[in-house]
Amino acid sequence: MRFVLPILVSLAAHSAQADGCPAAPDDADTLAELVSQIQAAETEADARLISNRMWEYWADAPDEPAQELLDRGMERRAAYDFLAAYKALDRLVAYCPDYAEGYNQRAFVSYLRQDFPAALDDLDRALALSPDHIAALSGRALTLLGLQHLAEARLDMARALSLNPWLPERGLAAPGGPLAPTGKDI
C-alpha cells in the first residue's frame, strides 16, 4: 500500500499537467518581421540564417513538458524511429492542442511514412493555428504532390514561396518542375 499512494499522486500530477498546457508563445509579430527579412534576403546563405531564426520560434514549445515531447519526437524522427516519433508527437498534440508545431512535426512523420491523408489532416490543423507557417505550407504542397493533387499543391507552394522565395523546395515550382505554373512556356 505504501507504493500505491506515490503512484496515484504521480498519476494525478501528470493528469493535471496534461490539462494545463499554457498558450503557445505569440511570436506572430516577430515571425512577420522575419518573413519580411527573408523576402528581402539577397543570398541563399542570408535566407538560411533567417529561416533558422524562424525555426527557433516555431520550435519554442509552450512549456517544458511540451518541449520535451517535441524534442523527443524530432530526435526519434531524425533516427528514423517513426513509430516512437509519432507517439511522442501524438502525446504533444493531445497535451497542447493549440500548438501548431506539434501538428506540423507529426505531419512530417506521417509524410515520411507516406501516410499522406494523416499528414494533410495535421497540416490543415497547423495552418488553422498559424496561417503563415511557411514549413507547414510547403509540407502541405509536398503532401498534395504525393497525393497527386497538383493544382492544389501548386497553390500552396506558390503561397509558401511568396512568403519565402528561398525555400529549398523552390525547384519544384520552377519551369519544368512538377509544381510549375501551368499554361506557361518554359
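## Salt bridges

The count comes to 9 salt bridges, a salt bridge being a side-chain nitrogen of Lys or Arg within 4 Å of a carboxyl oxygen of Asp or Glu. The model is predicted: local features need pLDDT of at least 70, side-chain atom pairs count only at pLDDT 80 or more, and totals for chains, interfaces and linings use all residues. Residues are numbered from 1 along each chain as its sequence is written, and side-chain values use heavy atoms, with hydrogens and water left out.

Arg 106 and Asp 122 form a salt bridge with the closest N and O atoms 2.7 Å apart. Arg 106 lies in helix 6 and Asp 122 in helix 7 (residues 116–129), so this pair ties together parts that are 16 residues apart in sequence. Helices are DSSP runs (H or I, at least four residues), numbered from the N terminus. Arg 106 has 10% relative accessibility and counts as buried, and Asp 122 is buried at 6%; buried means under 20% relative accessible area, exposed over 50%, and partly exposed in between (1.4 Å probe, protein chains only).

## A network and a partly exposed pair

Between Arg 140 and Asp 156 the closest N and O atoms are 2.5 Å apart in a salt bridge. Arg 140 is in helix 8 and Asp 156 in helix 9 (residues 150–163), 16 residues apart. Both residues are buried. Salt bridges with shared partners join Asp 124, Arg 140, Glu 152 and Asp 156 into one network.

The side chains of Arg 76 and Asp 81 also meet in a salt bridge, at 3.4 Å from N to O. Arg 76 is partly exposed at 24% relative accessible area, and Asp 81 is partly exposed at 27%.

## Largest pocket

The largest pocket holds about 570 Å³ of space. On a 1 Å grid over the protein atoms alone, a pocket is an open set of points where a 1.4 Å probe fits, with protein on both sides within 12 Å along at least five of seven lines; lining residues have an atom within 4 Å of a point. Its volume is the space filled by probe spheres set on the points.

Of the 25 lining residues, Trp 55, Ala 135, Ser 138, Leu 167 and Glu 169 lie nearest the centre. Helix 3 gives the most to this lining, with 8 residues. By class, the lining has 14 nonpolar, 8 polar and 3 charged residues; Ala, Val, Leu, Ile, Met, Phe, Trp, Tyr, Cys and Pro count as nonpolar, Asp, Glu, Lys and Arg as charged, and the others, Gly among them, as polar.

Notes: Helices (H or I, at least four residues) and strands (E, at least two) are DSSP runs, numbered from the N terminus.
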